[in-house]
Amino acid sequence: MAAFLAVSLVVLACPLMAFDLGQSTRCVTIPNQMKVCKDVGYSEMRLPNFLGHSNLEGEVVPRSEDWRPLLQTGCHPQAQAFLCSLIAPVCLDAFIQPCRSLCVAVRDSCAPVLACQGHPWPEALDCDRLPAEEDMCLSPHAKFSHFAKDLPKPACQRCPSVDEAPAMETVLDAFCRHDFAVTAKLHRHRLPSGEPEFQIEGRVEFIRQGPLLPYDTRHLLHQWLLINCRCASFLVRPGRSQLYVLTGSAQPDGTLALTRVFPWHRKDANVALAIRKWKHHRC
């Protein structure tokens, strides 16, 4: 993800509002290979876009894919709509930019993800340069105004400690001290661009459910890996799968933090013994 951010920040080096709203434009079909914006809700886009890109195949499509890792983190439900309104603006009689309030909402949720990688919110996406709601612009949807407030969500954090070959008492103590504990198989492979991609293979099994939701936990852990990709790169070796016991706690702001990580190798009888003891005796 670091390479993605470096590319994207270079792409946004020119001020967003330097785009001339009076210049001549043309409408083109959003191509199938532009997957980031293919399902955004409209089929035609205007070129040049609000980032000044006019070459569809040479600029717009490849640079739109640079944003995919950020969107995959789920940092805000309207992040895709916001970004696509800039890189693939809808083709209407009038130019429709994102509203300032939409920019602020996306920035407040997604800037911490960028900060987790050591990058600030791009100056070129300064929300103050965008129009207010009284102008014609893309505004936030009301149904997302309190987005996922009642659902646990991952956030940027310090890397959890990794315990190789732990004692049974250590694992059992982690189950007792923390709000949740799960087993999950993590896999890391490299994309053609060289960027690692992390996946959760198979089901996530609960040891201690706590605040986690059965239908959401696999997705939540995947988002954690994408947001905390530096930790994930240290945790998961390239080209292999590894089963882990993951424990963590709920934070006062509604986020979840992983606290202890136990790689579960076949030879680690202590992990299996701790799980059996937990199921029968708890704390």
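**Entry 1: Cys 116 and its partner**

I began with the link of Cys 116 and Cys 156, where the torsion about the S-S bond is about 80°, so I noted the disulfide as right-handed. This is a predicted model, and I read every value with that in mind. The sulfur atoms of Cys 116 and Cys 156 are 2.2 Å apart. I then looked up where the two residues sit: Cys 116 is in helix 6, and Cys 156 is in the loop between strand 5 (153–154) and strand 6 (161–162), 40 residues apart. Cys 116 counts as buried because its relative accessibility is 12%. Cys 156 has 40% and therefore counts as partly exposed.

I also checked Cys 229, which is in no disulfide; its nearest cysteine sulfur belongs to Cys 116 and is 7.0 Å away. Cys 229 is buried, at 10% relative accessibility.

**Entry 2: other disulfides**

I found a count of 7 disulfides. One of them joins Cys 75 and Cys 110, with 2.0 Å between the sulfur atoms. The link of Cys 75 and Cys 110 is right-handed, with 80° about the S-S bond.

I looked next at Cys 99 and Cys 137, joined by a disulfide with an S to S distance of 1.9 Å. Its torsion about the S-S bond is about 90°, so I recorded this disulfide as right-handed. Cys 99 lies in the loop between strand 3 and helix 6, and Cys 137 lies in strand 4, 38 residues apart. Cys 99 is buried at 1% relative accessible area, and Cys 137 is buried at 15%.

**Entry 3: aromatic rings**

I noted 3 aromatic pairs. Phe 50 and Phe 95 make a tilted pair, with 6.1 Å centre to centre and 55° between the planes. Phe 50 is in the loop between strand 2 (44–47) and helix 3 (56–65), and Phe 95 is in the loop between helix 5 (79–87) and strand 3 (97–98), 45 residues apart. Phe 50 is buried at 3% relative accessible area, whereas Phe 95 is partly exposed at 22%.

I then recorded Phe 82 and Trp 121 as a stacked pair, 6.4 Å centre to centre with 25° between the planes. Phe 82 belongs to helix 5, and Trp 121 to the loop between helix 6 (100–116) and strand 4 (137–138), 39 residues apart. Phe 82 and Trp 121 are both buried.

Last, I returned to Phe 95: Arg 46 lies over the face of its ring, 4.7 Å from the ring centre.

Notes. Residues numbered from 1 in each chain as written. Predicted model: local features only at pLDDT ≥ 70, side-chain atom pairs only at ≥ 80, totals over all residues. Heavy atoms only, no water. Phe/Tyr/Trp six-rings, centres within 6.5 Å; stacked < 30°, edge-to-face > 60°. Helix = DSSP H or I, 4+ residues; strand = E, 2+ residues; numbered from the N terminus. Buried < 20%, exposed > 50% of the residue type's maximum accessible area, 1.4 Å probe, protein only. Lys NZ or Arg CZ within 6 Å of the ring centre and 35° of its normal. Disulfide = S-S within 2.5 Å.
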